[in-house]
Amino acid sequence: MDRRSFLRTTGAGAGALALAGTLGGALSGCRGTGASASAVAPGTGPEVVVIGAGAFGVWTAYHLQEMGARVTLIDLYGPGNSRSTSGDETRGVRSSYAGRELWTSWANLAMERWRAFDEEWSPAMGDPLFYPTGDLILRDTSEGQIEEVQEIWDTVGVPYESLTPDEVRARWPQIQIEGIEVALYEPGAGVVRSRAACRRVAGIFQQRGGEIRMAKATPGPIQGGRMISLDLDDGQDSISADRYVFALGPWFPKAFPDIMADRLRITTMGHVFYFGTPPGDYRFSYPNLPSWGFPGVTGWPTLPPDNRGFRIRTGGRMGEDPDTSVRWIPEEFHERPMEILLERFPVIAEQPIVETRACHYESSATRDWIIDEHPEMENVLLAGGGSAEGFKFGPMVGELIAARALGDDRFSELDEEFRLIDLDDMEEDQD
Ligand SMILES: Cc1cc2nc3c(=O)[nH]c(=O)nc-3n(C[C@H](O)[C@H](O)[C@H](O)COP(=O)(O)OP(=O)(O)OC[C@H]3O[C@@H](n4cnc5c(N)ncnc54)[C@H](O)[C@@H]3O)c2cc1C
């Protein structure tokens, strides 16, 4: 099957998902790729330890469990913690990726999965995680990336509207769009409650019999090309399993310096600001405003029920180590988001900052996910490199990682895409 047919077929799987309304439906849909489904009875499959309970780790644990594995999830600080890159309040879910058909297609599928997950779990577990705000891209010209985004949307079949500046003003007069000539609106996009999502997915995993442990895990001894155990600092020296999946986000270079230090750049921290909205004025609250992107800056409305604030992400600053980097945003960086408010959302320009977040990006050298076996340990899978966009893909990428860990070939066409690249090859390509 060629890559394009593969994308289309997984897309058909998502259609089945929408009808079925459950993740189980999604899994059956993806099995339609011609891959072998793992037909293991629950809790009788191989033992797998997942290390890291950010977006990649919790969704991997969830899917491994669905596929019948016996799973332990270990995190140094707990699912959705404040140091993790997934531990912010919110993350955007849009599919507008210039030049990236796979990401576009998977983001589009991920939206359906977030919706289906809420349909299945929200009635029992509380507020939804996914808020379908729609997403509005605003630019001064349609050249370059905007054209590429449209081309891929047309190919993949993502619904969108191309709006004139007057149409944008009529729909959302609270946005100041002076100098903007081009607007693309993606109605299916949205914003997900990220910290809450990590906790919910981990909570469901636990309710279904999965074990969660809080500990620092360190790769243990190797025998015959396999890791035989994992060292823990929680007073129980080690844990053994058939397979291990490391999903360490920006901690990868610390745990695997030889392999990951040059393949992941973790030194940039992103700054996220949440501003108050005026009492009684709901123009900046969901569902009255889409998520939006002006060049170099993105944001979205405040979400019910607890309204953490109107979100703006700006450029950030350098950080060295995800364990010790200070997450407070110094005042010298507060000016930029305020300028953006004044220019684009003047009605709320005087509102206070009510929360801030700073977290490490984990950008891979290929600017794509890394999902591959450790070169010296065949039972160890490394999964990360979300590269500033990874959260939204969690429900999809977790299934891919789980399938790979269990030797299920439903996504094997993509093994090459996410492999640990040879850095020498990459340098030559760049020359
Ligand atoms: C400012 C900013 C804005 C972003 N915006 C978006 C967005 O709008 N949409 C989007 O989709 N993506 C976005 N991203 C990217 C996205 O948040 C990340 O790609 C994703 O959250 C990474 O998840 P992860 O599971 O790989 O890593 P993490 O969430 O960092 O999880 C890694 C986990 O591993 C644990 N850990 C580390 N070492 C050990 C150890 N030795 N033992 C045990 N546990 C360990 C940590 O405690 C942590 O919980 C953004 C990123 C940033 C920084």
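**Loops, ligand shell and helix pairs**

Mentor: Pro305 sits in the loop between strand E19 (297–300) and strand E20 (310–318). Helices (H or I, at least four residues) and strands (E, at least two) are DSSP runs, numbered from the N terminus. This is a predicted model: local features need pLDDT of at least 70, side-chain atom pairs count only at pLDDT 80 or more, and totals for chains, interfaces and linings use all residues. Residues are numbered from 1 along each chain as its sequence is written.

Trainee: What kind of peptide bond joins Pro304 and Pro305?

Mentor: A cis one, with omega about 0°. Tyr286 and Pro287 are also joined by a cis peptide bond, with omega about 5°. Pro287 lies in the loop between E17 and strand E18 (291–294).

Trainee: And Asn307, is phi positive or negative there?

Mentor: Positive, near 45°, and Asn307 is not a glycine. Asn307 is in the loop between E19 and E20. Most residues other than glycine have a negative phi, and most peptide bonds are trans.

Trainee: Switching to the ligand. How many residues surround it?

Mentor: 37, and the closest are Gly54, Gly249, Gly270, Gly386 and Gly390. A residue counts as near if its C-beta atom, placed from the backbone, lies within 6 Å of the molecule.

Trainee: Which elements supply at least two residues of that shell?

Mentor: Helix H3 (55–66), strand E2 (70–75), strand E3 (90–93) and strand E17 (268–275). H3 gives the most, with 3 residues.

Trainee: What about the classes of residue in the shell?

Mentor: 18 are nonpolar, 13 polar and 6 charged. Here Ala, Val, Leu, Ile, Met, Phe, Trp, Tyr, Cys and Pro count as nonpolar, Asp, Glu, Lys and Arg as charged, and the others, Gly among them, as polar.

Trainee: Where does the ligand lie relative to the domains?

Mentor: Domain 1 (3–87 + 195–264 + 365–430) and domain 2 (132–189 + 266–360) both give residues to the shell, so the ligand lies between them. The domain bounds come from an automatic or database domain assignment.

Trainee: Back to H3. How does H3 cross H11?

Mentor: The axes of H3 and helix H11 (residues 394–405) come within 7 Å and cross at roughly 60°. Axes are lines fitted to C-alpha atoms, for helices over the stretch in contact, and angles run from 0 to 180 degrees between N-to-C directions. That makes H3 oblique to H11. Angles under 35 degrees count as roughly parallel, over 145 as roughly antiparallel, 65 to 115 as roughly perpendicular and the rest as oblique.

Trainee: Which residues meet in H3 and H11?

Mentor: Among them are Phe56, Trp59 and His63 in H3, and Pro395, Val397 and Ile401 in H11. Contact requires C-beta atoms, placed from the backbone, within 7 Å. By class, this contact has 10 nonpolar, 4 polar and 1 charged residues.

Definitions and conventions. Contact = placed C-beta atoms within 7 Å.
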